[in-house]
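Thanks for coming. I'll take a few minutes to walk through one structure, starting with a strand and ending with a helix.

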Amino acid sequence: MWRRGADREGHVANFVETEQIIQINGFTSSFVQVRGSIPFLWEQIVDLTYKPKFEIVRPEQAPQIAERHFLDLRKMYGSVLAVDLLNKHGGEGRLSDMFSNAMQPIVSEDLRYLHFDFSKICGHVHFERLSFLYDQIADFLVKNGYFLLNEESEKMEQLGVVRTNCIDCLDRTNITQSMIARKILELQFRRIGVFAAEETISSHPKLDRCFRILWANHGDDISIQYAGTAALKGDLVRSGQRRVQGILKDRYISLKRYYLNNFSDGTKQDAFDLLQGHYKVSVGGDITPPSQKGGLEAIASFPLALCLVLIALLLTTMSLGQFGNDPRHLLFSVVWGSISVGIASFVRAKGRIFCNRPRLQLHDKPGY
């Protein structure tokens with residue numbers, strides 16, 4: 001969660017280009033898609049809550065930053081169709097509305113924006129309803145095509161790209177991109193002559209299984225890189241079915257993501273910034289990060305706070321157990337209970353200082 005949105009130049013977090021390549025019967029064909037965070041300044045600072053609030057930074061700059069981002073995409077890929085999978089309520093709704101408003105001045109014949117409320121329409125298991133999305137983008141996909149090269153070196157170019165995003169550009173984006181890739185692969189097979197007009201990947205069980213596993217592994221790779229865990233709903237992507245084992249695995253993955261977000265990713269982000277040159281250490285200089293802990297943050301420790309809460313609860317329980325022998329233990333239990341609630345309330349209110357945060361100050365790296 002330490003990298004969300006875009007910087008001032010329009011470069012976005014978790015930007016990934018995916019190229020699906022096939023070689024068969026002397027033909028080579030490919031299809032490119034991209035994903036990336038919502039292209040304006042926003043953040044989601046971890047604070048021990050399960051879903052930290054979204055904060056839009058400098059909203060007045062959103063149209064300019066979005067324009068820079070899509071100008072770069074159009075230079076690289078040609079026409080662009082931006083598919084926004086965010087919800088239309090709560091914090092996601094505010095981000096989606098800002099995205100939509102930022103796109104209005106820049107949409108054109110070569111740049112389209114489409115909102116599709118994935119969670120509302122597809123829920124947790126009804127991914128077949130992505131056909132509603134495909135119906136809305138099929139004209140763009142057919143018009144802009146895919147790359148195709150035959151044995152005589154005659155080729156057809158892909159003229160545009162679909163850009164997909166959700167909040168983290170992982171789980172919902174993985175599922176949506178795999179749907180688009182499946183539809184394009186079927187078009188490619190028909191063009192090459194492998195499939196008849198009405199033939200689909202689903203009519204070939206082995207091919208269908210290989211395709212599902214390929215895209216499930218692809219989603220896991222991106223998720224591990226960005227979030228530190230495999231993607232959610234992996235069983236549904238791999239097998240087309242939701243199983244109890246898969247649901248339990250998703251609960252474990254969600255808990256692991258929560259732990260990494262709050263207690264590990266700050267140091268990991270510093271490592272990335274150092275290795276990528278965003279933070280530079282002068283030769284012979286002090287490598288101590290300029291952002292040093294001070295005040296409460298210097299002594300804030302979530303493990304220590306948790307231990308104190310548990311000890312106070314234990315003492316509360318013990319005092320209540322002794323109440324029958326000595327009425328004074330009721331007072332002790334109230335005191336220990338109050339201490340436990342007080343510490344827990346303080347940690348909840350000051351959650352940010354108990355999290356593992358990046359310490360390097362990137363003075364020459366605007367944005368994010």
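A residue is called buried here when its relative accessible area is under 20%, exposed when it is over 50%, and partly exposed in between. Keep in mind that this is a predicted model.

Let's begin with strand β9, which runs over residues 160–165. How many of its six residues are buried? Six of the six are, so by that cut-off the strand is mostly covered.

In a regular strand, side chains alternate between the two faces of the sheet. For β9, one side carries G160, V162 and T164, and the other carries V161, R163 and N165.

Now the partners. Which strands pair with β9? One of them is β2, residues 27–35, which is parallel to β9 and joined to it by two bridges. In that pairing, V34 is opposite R163. Another is β5, residues 79–84, also parallel to β9, with six bridges. There, V83 is opposite T164.

Next, the helix. The unreviewed UniProt entry annotates residues 298–318 and 330–349 as "transmembrane region". In the model, the stretch 330–349 is 100% helix and 0% strand, and its end C-alpha atoms lie 28 Å apart.

Helix α12 spans residues 328–349, and V335 is part of it. Is V335 buried or partly exposed? Its relative accessible area is 40%, so V335 counts as partly exposed. V335 also belongs to a nonpolar surface patch of about 430 Å², together with L331, F332, W336 and I339.

That's all from me.

Terms used: Residues numbered from 1 in each chain as written. Predicted model: local features only at pLDDT ≥ 70, side-chain atom pairs only at ≥ 80, totals over all residues. Heavy atoms only, no water. UniProt positions renumbered as here; feature names shortened; annotations may be inferred. Helix = DSSP H or I, 4+ residues; strand = E, 2+ residues; numbered from the N terminus. Buried < 20%, exposed > 50% of the residue type's maximum accessible area, 1.4 Å probe, protein only. Pairing = 2+ DSSP bridges. Patch = residues over 30% accessible without salt bridge, like charges linked within 9 Å, V, L, I, M, F, W, Y side chains within 5 Å. Areas by Shrake-Rupley, 256 points an atom, 1.4 Å probe, with all protein chains shown as cover. Salt bridge = Lys/Arg side-chain N within 4 Å of Asp/Glu carboxyl O.
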